[in-house]
Amino acid sequence: MAAQTFQQEYMQMPPITRAYTTACVLTTVAIQLDVITPFQIYFNPELIFRKYQVWRLVTNFMYFGPIGFNFLFNMIFAYRYCRLLEEGSFRNRTADFFFMVLFGAALMTIFGLFVNIVFLGSAFTIMLVYVWSRRNPYIRMNFFGLMTFHAPYLPWVLLGFSVLLGNSVLVDLMGIAVGHVYYFLEDVFPKQKGGFKLLKTPGFLKYILEGAADDPNYNPLPEDRPGGFNWGEGQAAGNRDQPNQG
C-alpha cells in the first residue's frame with residue numbers, strides 16, 4: 001500500500017520537477033554505490049571545452065553532496081519550490097518553465113567560468129526559491145518556528161542558514177542574482193513604460209513539451225503552504241492579516 005501511494009504521488013509530480021529530482025537522487029545513489037565519482041560530473045570548463053566532456057554542463061546541477069543533512073535540506077527545497085513554480089505561475093506552461101530552467105542554468109554556467117564553484121545545484125535551488133518568493137510577496141513564512149517573515153525574505157534567510165552550515169555564500173548569491181535577472185526580465189521590465197518581453201520560449205519547446213490536457217484527478221501541492229515538511233510553514237497574509245499596503 002505504501003509503495004502504491006508513493007508511486008501515485010511520484011506520477012502526480014509535474015514533468016520537469018519529476019525529471020530533475022529523479023536525476024538528483026539517482027546521481028547521488030550512483031555516487032554512494034561507487035558507480036561513478038564526483039570527479040566525473042563536476043563543473044570543469046577545461047574538461048568541457050577541451051576534452052568535450054559536455055555532460056558536465058548538466059550533471060554538476062544534480063549533486064548536492066553525500067547523503068546527509070545538507071543533501072536532504074537541498075533536495076527538499078529543490079523539490080518543493082520547483083513543484084510550486086511548475087504547478088503555480090507556470091501551470092500549463094511546461095515549455096516556459098523549462099525555458100526558465102535553461103536560462104538560469106546557462107547564466108550560472110557563464111558565471112561559473114569566472115568563479116571556483118564545482119557544483120551549481122544549490123545555486124539553482126536558490127534561483128527557484130527567489131523567483132517563487134517574488135511572485136508570492138504576501139505569503140507569510142515560518143522558518144523552523146524561529147522567525148516569521150514574508151516570502152521575499154526567504155532567499156536571504158536561506159543564505160544565512162547556509163552560511164551557518166559552513167557553505168560558501170557565493171553559491172547562494174549566484175542563485176539570487178540569476179533569479180533576480182530572470183524575474184526582472186520576465187516580470188518587471190515588460191510592464192514598464194517602453195518595456196517589452198525579452199525572454200521568449202522557442203516554438204520547438206512548446207511543440208515538444210505542451211499540448212496535454214489537464215488531468216481532472218490531478219492534485220497539485222497547495223501553494224499557500226510553501227514551507228512544508230515542518231521546515232517552514234506559510235499562509236497567505238490575507239487569510240488572517242491583511243498585507244501592509246503602505
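## Confidence in the model

This is a predicted model, and its chain averages a pLDDT of 85, with 84% of the residues scoring at least 70; pLDDT is the predictor's confidence in each residue, from 0 to 100. Over residues 224–246 the pLDDT is below 50, and beyond near neighbours in sequence this stretch has 56 contacts in the model. A contact here means heavy atoms within 4.5 Å.

Residues are numbered from 1 along each chain as its sequence is written, and side-chain values use heavy atoms, with hydrogens and water left out. Because the model is predicted, local features need pLDDT of at least 70 and side-chain atom pairs count only at pLDDT 80 or more, while totals for chains, interfaces and linings use all residues.

The structure holds six salt bridges, each one a side-chain nitrogen of Lys or Arg within 4 Å of a carboxyl oxygen of Asp or Glu. In one of them, Glu 9 pairs with Arg 83, and the closest N and O atoms are 2.8 Å apart. This pair links distant parts of the chain: Glu 9 lies in helix 1 (residues 2–12) and Arg 83 in helix 5 (residues 69–87), 74 residues apart. Helices (H or I, at least four residues) are DSSP runs, numbered from the N terminus.

Arg 83 also meets Glu 87 in a salt bridge (3.0 Å, N to O). Glu 87 and Arg 83 are separated by about one helical turn because they sit four residues apart in helix 5. How covered are these side chains? Arg 83 is buried, with a relative accessible area of 0%, and Glu 87 is buried too, whereas Glu 9 counts as partly exposed at 34% relative accessibility. For these words, buried means under 20% relative accessible area, exposed over 50%, and partly exposed in between (1.4 Å probe, protein chains only).

Helix 5 is mostly covered, as 16 of its 19 residues are buried. At 1.5 Å a residue, its 19 residues should span 27 Å, and the end C-alpha atoms are 27 Å apart, which agrees; the expected span is 1.5 Å times one less than the number of residues.

Elsewhere, Glu 186 and Lys 197 join in a salt bridge (2.6 Å, N to O). That pair also links distant parts of the chain, with Glu 186 in helix 9 (residues 169–188) and Lys 197 in the loop between helix 9 and helix 10 (203–209), eleven residues apart. Glu 186 counts as buried at 14% relative accessibility, while Lys 197 is partly exposed at 38%. Salt bridges that share partners join Glu 9, Arg 83 and Glu 87 into one network.

## Asp 172 in helix 9

Asp 172 is found in helix 9 and is buried, with a relative accessible area of 4%. Which residues does Asp 172 touch, leaving aside its neighbours within four places in sequence? They are Ile 126, Leu 158, Leu 159 and Ser 162. Asp 172 and Met 127 are 45 residues apart in sequence and 8.4 Å apart in space, C-alpha to C-alpha.

Phe 49, Ile 110, Phe 111, Leu 113 and Phe 114 make a nonpolar surface patch of about 530 Å². Patches are made of residues with over 30% relative accessible area and no salt bridge, with like charges joined within 9 Å and nonpolar side chains (Val, Leu, Ile, Met, Phe, Trp, Tyr) within 5 Å. Accessible areas come from the Shrake-Rupley method with a 1.4 Å probe, and for residues only the protein chains shown count as cover.

Conventions
Helix = DSSP H or I, 4+ residues; strand = E, 2+ residues; numbered from the N terminus.
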